[in-house]
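Biologist: I am new to this structure and would like to go through it slowly, asking at each step what a term rests on.

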Amino acid sequence: MSKKEWPLWEVFIRSKQGLSHKHAGSLRAADAEMAINNARDVYTRRSEGVSIWVVESANVVASDPSEAGPLFEPANSKAYRHPTFYDVPDGVSHM
Amino acid sequence: MTKQEALFEYVLRKADDTLILGHRLSEWCGHGPVLEEDIALTNLALDLIGQATELYQYAAEVENKGRNEDDLAFLRLEREYKNVLLVEQTNGDFGKTIVRQFLFDHFQSLLYERLMNSADEQIAAIAEKSIKEVKYHLKHSSEWVIRLGDGTEESHNRVQESVTDLSRYIEELFYQDEVDEILIKEGIAADTASFKEEYYNNINAVLSEATLSLPEKMWQLDGGRKGVHSEHLGFLLAELQYMQRTYPGMEW
């Protein structure tokens, strides 16, 4: 029997309507439909979600950790880019 | 046979089907072919045992002799279990487990669709609650049948062998006797004859997509509904009942 493993999939779960999909983890599955089934069993057993996305991990393009400096550090000293100078009215959730 | 006796027997039969199949699936815990399937199979087991709990509770209530759901699940003898033979068959390889599940899920789905309209409110409620679980089981097992059947030569041959072997237990799913007749008249039970053709159409559609087929003719076995089981049930019950037999009344 071949020892070849199934491809790896990244799983994204939307926990409720109106929120965005969040990365939940990864798993192995033979194809997209089975990946959805497996994600349902592995990540939504306790009603964690209302929607699932799966993406083959090979298709994810990631930033290079060695470029973290040029990519992220210039933002560090620019506090005025953060919307922290406003009062958020009570009753506004998910901000 | 009174209506109450028939109702007890009917609910008990359905409860035993789900408990025994759930127990069989639980044997996969820690042994699944991959982590994801290990979790999937034990999820199915939990769903089925959950359905069994509700059915046993109701059966105990109908019987009204002071027994509870645990007494019914753990403290009966082999001949008192009324599940169909299909569900007690051993797990075999993953393909065989999937085929057994596939043959059962298609039946259960059509049955629960009808029981949702049962004149008995409790049965209708249990069916309505369970149907979503059953529809997912059906999707899971059908997709696997297609992938294994239309997969490699080895997976095809193995799963075809399981289809041939297990096909001898299909007709028993539709078994009916006095119990069913009494309750069909009352609008409580579903007449299995009314959806037998649909069942065969449904499973054949999936099997043909999977490049598999049912054998032309297969000797059909039955007896489960009367408590006459294959040699496998006794061993299963020995494990299932061990704790309650060894430490009577134990709770945890």
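Biologist: What makes the meeting of the side chains of B:R147 and A:D31 a salt bridge?

Modeller: This is a predicted model, and in it the side chains of B:R147 and A:D31 come to 2.6 Å, N to O. A salt bridge requires such a nitrogen and a carboxyl oxygen to lie within 4 Å, so the pair at 2.6 Å qualifies.

Biologist: How many salt bridges are counted between chain B and chain A, and which helices of chain B each supply at least two residues to the side that touches chain A?

Modeller: The count is 2 salt bridges, and the helices are α2 (35-63) and α6 (121-149) of chain B.

Biologist: How much area do chain B and chain A bury between them, and which residues of chain B lose the most?

Modeller: The two chains bury about 1,300 Å², with 53% of it on carbon and sulfur atoms. On the side of chain B, the residues that lose the most area to chain A are B:E36, B:Y136 and B:R147, which together make up 42% of what that side buries. The contact as a whole draws 13 residues from chain B and 12 residues from chain A.

Biologist: Why is B:Y247 called partly exposed?

Modeller: Its relative accessible area is 46%; buried means under 20% and exposed over 50%, so B:Y247, lying in between, is partly exposed. B:Y247 is found in the segment after α11 (232-246) of chain B.

Biologist: Which residues make the nonpolar surface patch that includes B:Y247?

Modeller: B:Y242, B:M243 and B:Y247 make that patch, which covers about 330 Å².

Technical notes: Residues numbered from 1 in each chain as written. Chains lettered and ligands numbered in written order. Predicted model: local features only at pLDDT ≥ 70, side-chain atom pairs only at ≥ 80, totals over all residues. Heavy atoms only, no water. Patch = residues over 30% accessible without salt bridge, like charges linked within 9 Å, V, L, I, M, F, W, Y side chains within 5 Å. Areas by Shrake-Rupley, 256 points an atom, 1.4 Å probe, with all protein chains shown as cover. Helix = DSSP H or I, 4+ residues; strand = E, 2+ residues; numbered from the N terminus. Buried < 20%, exposed > 50% of the residue type's maximum accessible area, 1.4 Å probe, protein only. Contact = heavy atoms within 4.5 Å. Buried area = accessible area lost by both parts, 1.4 Å probe.
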